[in-house]
Amino acid sequence: MFSRRLSTARMPLRAWAVSGLSLVVLIAAIGPVSAQEEPPMLADRVASGELPPLAERLPSNPLVVEPYESIGTYGGVWRMGMRGGGDNALIAKTVGYEGLVRWDRQWQEVVPNLAASWEVNEDATEYTFTLREGLKWSDGEPYTTRDIEFTAAMFHDPEYPANSFINDQNNPATVEIIDDITFKYVFEKPNGMLMDTLASINGTMAVSIPYHYCSQFHPNYNPGAEQLATDAGFQSWALHMEDKCAWGWETSRWTNPDLPNIYAWKITEPLSGTAARVRWERNPYYWKVDTDGNQLPYIDELDMRVSESLEELTLLALNGQIDFQDRHIATNTNQAVFFDGQDQGDYRLGSVVRSVSSSLVLQLNFNHDDPVKQELFQNRDFRIGLSHAIDREEIIDVVFIGQGEPFQVAPRPESHFYDEEMAKQYTEFDPDLAIEHLEAAGLTEIGADGIRLMSNGEPTRITVDVIAALRPEWIDILELMQLHLADVGIQIEINNIDRTLFYDKRPGNDYDAQVWAGDGGLDVMQEPRYYFPSGAESVWAFKWQAWYTGATPEIAEEPVDWVKEQMALYTQLTQEGDPDVREDLMREVLAIAKENFPVIGVSLMPDGYYIARNNLRNVSDQLIDAWLFPQPGGYDPQQWYFE
Amino acid sequence: MLGFIISRLISMVLTIWAISLVAFAIIQLPPGDYLTTYVATLSASGDRVDPRVIEALREQYGLGQPFIVQYWKWVSGIVTAGDFGQSFEWGRPVTELIWGRLGNSILLEGLAVIVMWFVALPIGVYAAVNKYSLGDYLATIFGFLGLAIPNFLFALVLMYLGYAWFGVVMGGLFSPQFEGAHWSFARVLDFLSNAWAPVLVLATAGTAQLIRVMRANLLDELRKPYVTTARAKGLPEWRVILKYPVRVALNPLVSTIGWLLPTLVSSSVIVSVVMNLPTAGPMLLRSLTTQDMYLAGTLILLLGVLTVIGTLISDLILAWIDPRIRYGGE
């Protein structure tokens with residue numbers, strides 16, 4: 001029998017047995033909370049009877065959050081800035097990171113959150129969760145397994161356009177309710193990655209749609225739902241539902257202040273196309289407490305300035321009018337300004353570790369329509385030649401002011417998958433060696449203009465697509481690379497295009513090469529796009545990934561053997577319940593990637609920074625920034641406070 | 001005069017129809033559609049979307065339909081129900097989003113136009129009458145400076161100085177407590193206390209241009225014999241100048257009123273982004289980059305309508321101030 005011990009080091013706990021379950025499980029639970037004082041902001045409303053007293057609002061076993069430095073004090077407004085459109089992720093990362101489980105602050109272990117405990121059956125097809133007892137939505141309604149089931153039903157509904165692990169076509173999940181607080185996710189095939197998924201930001205998908213509020217918009221639950229949608233001016237109930245009860249972190253989730261949530265703060269001024277601010281106030285029913293039993297959050301309100309102007313946000317931060325922020329304004333170019341302004345603005349800088357490995361990844365199109373280029377790009381010697389021709393030290397000095405080190409696309413040094421050899425192979429700047437490898441790849445002839453000729457007599461000219469708007473330094477890096485590669489007789493043309501076109505070219509297979517950042521430096525197992533063709537972001541082998549995922553069979557092409565071996569290993573990995581075995585399998589995938597060297601990296605992504613006002617306490621000195629492990633949400637901003 | 005107005009109105013309707021067609025075609029020109037942009041944005045943040053979900057959305061939004069069908073849906077909605085379609089990004093009817101923004105634009109840019117005219121015309125007249133005087137040279141220098149400094153740079157410098165000297169961050173049009181409030185006297189005062197900076201920025205380049213045009217026009221007129229005649233008849237100097245040559249010199253200025261609004265809206269996009277002004281410019285920019293086509297199309301269409309109306313107004317004013325035009329048709 002296979003059982004899991006939960007990491008409970010950070011919370012006082014006592015063993016707590018669940019009757020009716022046969023598996024051995026250790027559950028983190030909290031003793032009854034001693035009588036606590038009301039947060040001052042809510043005291044009046046409790047006194048007037050508008051709100052029930054604290055003890056009735058908290059679950060019987062609230063989650064105890066250990067403060068980073070010290071127990072805090074209540075009050076204050078946390079000011080930050082966001083862009084108007086397309087910035088729903090900022091809210092998700094700041095407020096919305098609440099799932100059944102979460103990552104600890106080191107991004108190492110899965111710890112309880114909405115679920116107090118869980119257990120997994122031996123072949124990882126059944127996951128049983130026990131919710132905290134007495135959880136409530138922000139409007140005071142009980143949070144039960146009914147909500148989990150309803151959320152899953154929405155994902156399974158083909159008309160409700162959202163995707164998550166629940167409706168993954170390869171291995172969908174069904175929900176079985178056991179009682180009000182116990183339920184099971186049941187899978188047809190083993191799903192070894194479920195806990196990782198649930199602990200990531202994607203896990204918020206599974207818990208986000210309240211039955212008592214949202215069922216009125218669905219015709220299965222309310223016969224009048226279609227009429228309701230028509231009255232509200234929507235063409236279908238599905239569009240109405242999306243507008244009122246969006247999944248996970250979709251923008252319209254932040255535009256509906258009536259949608260009950262389970263976050264530390266609830267919306268008072270929603271996001272909209274015309275909003276100047278998004279405001280939040282404390283959720284009286286929030287289900288986390290500090291180690292003294294005080295209800296969190298400490299900070300009463302959030303005030304997010306909606307601004308299209310990064311200049312305005314930068315000045316606000318310099319002027320001390322932003323309490324915590326890293327997104328948007330903490331750029332390379334602003335760093336010196338922010339460093340100098342610390343005294344005047346009364347803020348400090350903290351460091352942010354990026355989960356990205358290489359600052360730029362050059363992905364040559366292995367599935368090129370031109371057979372000559374296809375053969376050349378698939379030639380390992382060619383890629384090694386290119387890699388040796390790049391003067392990485394120069395790029396680091398010029399573009400990153402000396403920050404970083406030569407690095408391939410490989411796990412970062414902080415990761416336990418780190419393999420120095422893999423990270424450093426072929427990073428040495430050696431034009432002679434480069435030429436040797438290029439000649440080994442068949443590029444022996446040199447044309448009139450000094451460019452090496454491919455086997456069809458055409459010059460080796462590679463067009464590299466890049467979105468400069470996304471990361472301005474990409475263009476700087478590419479321009480240096482262009483000079484380096486020209487020295488060994490390879491011409492690259494930099495093609496700066498818009499994001500939409502960048503994506504549009506993929507299914508049409510209309511590109512030589514594309515660049516992106518090295519995702520998967522820390523989230524190695526969850527984001528293996530450069531280690532093998534795992535999904536649509538594996539641009540270097542777009543047809544092979546189609547073969548693997550099955551999402552777009554019309555362009556799929558059978559991969560070469562080493563890739564198929566990796567795919568088989570990774571499939572095995574996703575179905576494996578034992579974390580140690582999973583790691584071993586991942587190491588095998590990485591070893592094959594190291595051997596075959598599919599994509600070319602440049603330098604290790606330098607650390608970023610965040611800005612926090614000096615009176616804002618309990619903020620971790622170093623944050624890890626990744627999509628799957630969102631920050632600052634992953635660092636419990638509920639326990640931040642103002643001195 | 002009536003026939004003049006009627007023929008103008010008929011051509012106006014036809015122009016607006018043509019604008020709607022062109023506007024809708026233009027926003028469809030870039031590769032992909034709103035959903036491709038949406039997928040790209042999600043991917044940039046590390047998120048992924050199932051292609052099936054995108055297909056379902058494409059169907060719901062009607063994005064797969066042919067151009068003519070989509071256009072007809074849009075235009076018939078506007079004509080029959082005043083419905084400009086939905087904004088994909090915000091899931092809201094376009095009309096709910098744009099009126100506040102357009103109102104701010106018209107208010108702000110209207111103010112900028114008024115300031116421009118009030119500052120530029122007297123200076124232009126002064127510079128022309130006192131040609132090559134110290135005042136003329138000063139007006140010329142400041143005029144050219146205003147013309148040469150890009151608006152957005154001026155805005156940035158103003159913002160930086162505001163921060164460095166006064167510890168104030170300029171941005172937006174309202175103080176926090178008035179952002180969501182209804183119009184009241186206090187809100188107007190608050191608006192004015194915030195709007196001076198953008199108005200100043202928006203007005204500088206235009207002012208410089210107006211001064212130059214006014215000066216040149218008036219110089220041409222001042223040389224003409226009727227001015228000498230008026231002087232010889234003993235009219236006071238200010239009357240000589242204001243009653244005749246200035247009126248004539250205004251002609252070319254008035255005839256461009258129609259273009260003034262759209263020029264201001266489009267030239268103010270960057271300033272509005274830099275200073276975070278809740279005007280139509282940033283919304284247009286954003287909707288174009290996300291290919292939120294009904295929102296973008298509506299904004300372009302309305303800007304077109306504004307231009308057409310502006311042209312009509314300038315025609316009417318021209319007819320009013322210039323008897324040659326007024327009687328020309330009869």
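Reader: Nice to have this one on screen; how many bridges join strand E6 (residues 126-131) of chain A to strand E8 (residues 182-187) of chain A?
Author: This is a predicted model, where local features need pLDDT of at least 70, side-chain atom pairs count only at pLDDT 80 or more, and totals for chains, interfaces and linings use all residues. Residues are numbered from 1 along each chain as its sequence is written, while chains are lettered from A and ligands numbered from 1 in the order in which they are written. Strands (E, at least two residues) and helices (H or I, at least four) are DSSP runs numbered from the N terminus. E6(A) and E8(A) run antiparallel, and the number of bridges joining them is five.

Reader: Which residue of E8(A) is the bridge partner of Glu126(A)?
Author: Glu126(A) lies in E6(A), which covers residues 126-131. Its bridge partner in E8(A) is Val186(A).

Reader: Moving to where the chains meet, which helix gives the largest share of the side of chain A that touches chain B?
Author: Residues are in contact if their C-beta atoms, placed from the backbone, lie within 7 Å. The contact takes 46 residues from chain A and 49 residues from chain B. On the chain A side, helices H8 (237-244), H9 (310-318) and H18 (499-504) give two or more residues. The largest share, six residues, comes from H18(A).

Reader: Are helices H13 and H14 of chain B parallel, antiparallel, perpendicular or oblique to each other?
Author: Axes are lines fitted to C-alpha atoms, for helices over the stretch in contact, with angles from 0 to 180 degrees between N-to-C directions. The axes of H13 (residues 280-290) and H14 (residues 293-321) of chain B come within 8 Å and cross at roughly 135 degrees. Under 35 degrees counts as roughly parallel, over 145 as roughly antiparallel, 65 to 115 as roughly perpendicular and the rest as oblique. H13(B) and H14(B) are therefore oblique.

Reader: And which residues of H14(B) make that contact?
Author: H13(B) brings Ala280(B), Met283(B), Leu284(B), Ser287(B) and Leu288(B). From H14(B) come Leu295(B), Ala296(B) and Leu299(B).

Terms used
Two residues are in contact if their C-beta atoms, placed from the backbone, lie within 7 Å. Two strands pair if DSSP finds at least two bridges between them.
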